[in-house]
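Subject: Structure for you to look at

Hello,

I am handing over the structure below, followed by notes on what was found in it. Please read them with the model open.

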Amino acid sequence: MWRAQGRFRNGADLSAAENSGAAPTQAADQPPFEWRWIEALLPVQHEALAYERAIQARFDGCVLKLIRSGDAAAADTLYRTSLGFATAQSSLQPRVFWQICAAYFQALSLGLCPVDTQAKRALSGILQQYRSLAGGDDAVAERLLRELLAAVRQVGPVDATQAPVLAALQAAYEGAAAQECVSVSAELEDQVKVVGNLRIGISEFNAYLNESDEWSRRLFVELSEWALELHRPVAESTLELAHSLAAASAAVGLVDLSGMADALEQALRHVQAHMPRQPQQAQVFLDAAEDIRRLLHQFAAGFLKQPEPRLLDALKDILRLQFPALDQTAEAVPDADLLRQFVRLASPLLVQLGGALRQWKARPDNVGARNEAVRVLRNLQHSAELDGATRFCAISQQMLAAIDRFGTQPVQSVQLQPLLGDLDALNAVLDYLQSADN
């Protein structure tokens, strides 16, 4: 029988009959079954991991790789991350949940479970549960937990030396657990949304559409705003929206839509660090975001549609673009004496500017660092204008205008990140001018 620590619903027993509304089926020689939480004694430990933004991005990326290609390394990373989450939990439910996730990911990493439609549905549920736990809710979806246990149980006996966590979970959830998981799996099959060749749980279907519709709307709005000011870098929030759409779509099995979102993200990242940015590139990005919304609306209506091939090709073409340093920083080279004078002045000032910007980003309320950045930028702009470094002057003006737009309102660190990108552009121009003088 199961060794239990804690029970569902604040200690109340929850039988299969209570959960399904029907009398449970069981073998004549099996005793009545009570579902309870079990905390397994795992032979493997991992340092505690908090629900941090960077870890969530890595977690999402590994799930995406796993869904697309059955990547064993991604599954192994998820296994270790789940162990770290389990170690960090003080509440029973999330601790047990991450233990079961660790066993499930270990099975996937060893090729003991197929990455099929059912697995993709489970991975989608894990991502949603992760967001819920990271948001401060300690409750775990019982249905997801049982579905994962069913998958772990169906692997069959394993060698404890090869899969220690998986073996420990199987040993803990033995006996009557097998019957409960089978019963719940049958119940789950009756509560799915069928779209084309995809079978998705109703709750997962609704949650995905709610999240993805909002993400796609914001993505289109942010790209539309950026297209009007191409001198600005692409906002990090825009990149995160495309990334979230790719990961969530892959998790529910929408591989084509995921591919479009992923291609958009990669193309955006490719052009983010380069200047100038072209209006035709911005139009491709807008068209891709609009096509993602079209695919989502078709999916909501019950149809699986393909992305526009021309848009995928256009995004791939952007990703293949080369940006030689000379093309991106080229400007009319001034008189040699003026050039040397400007380079001597600008080099130490750029160091000062970098220090001020980094201090300001670390503490957005640091008015002194802000004023220092403005002072140095004005000196740089004035010198660049006098000495004929027109490109350098233009970037300095752009940075001053951006700071001016902040006004006296409180700012956040993420809003200051584009200024560091502009600083990189100033350094690139200075490097070019130095090379032109040699």
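Predicted model: local features only at pLDDT ≥ 70, side-chain atom pairs only at ≥ 80, totals over all residues.

Residues are numbered from 1 along each chain as its sequence is written, and side-chain values use heavy atoms, with hydrogens and water left out.

The axes of α12 and α13 (residues 279-300) come within 10 Å and cross at roughly 160°. Axes here are lines fitted to C-alpha atoms, for helices over the stretch in contact, and angles run from 0 to 180 degrees between N-to-C directions. The crossing of this pair is left-handed, meaning that the near helix is turned anticlockwise from the far one by less than a right angle (clockwise would be right-handed). On the α12 side the contact (heavy atoms within 4.5 Å) is made by L257, M260, A261, L264, A267, L268 and V271, and on the α13 side by Q281, F285, A288, A289, D291, I292, L295 and L296. These residues divide into 13 nonpolar, 1 polar and 1 charged. Ala, Val, Leu, Ile, Met, Phe, Trp, Tyr, Cys and Pro count as nonpolar, Asp, Glu, Lys and Arg as charged, and the others, Gly among them, as polar.

α12 (residues 255-272) also packs with α11 (residues 236-251): their axes come within 7 Å and cross at roughly 155°. That makes α11 roughly antiparallel to α12, and the crossing is left-handed. Residues of α11 in this contact include L239, A242 and H243, and those of α12 include A261, D262 and R269. The contact of α11 with α12 divides into 8 nonpolar, 5 polar and 4 charged residues.

Buried residues make up 48% of the 438 residues, where buried means under 20% relative accessible area, exposed over 50% and partly exposed in between (1.4 Å probe, protein chains only).

Q191 lies between α9 (176-189) and β1 (192-195) and is partly exposed, at 38%. Leaving aside neighbours within four places in sequence, Q191 is in contact with R143, G201 and I202.

Regards

Technical notes:
Helix = DSSP H or I, 4+ residues; strand = E, 2+ residues; numbered from the N terminus. Parallel < 35°, antiparallel > 145°, perpendicular 65-115°, else oblique.
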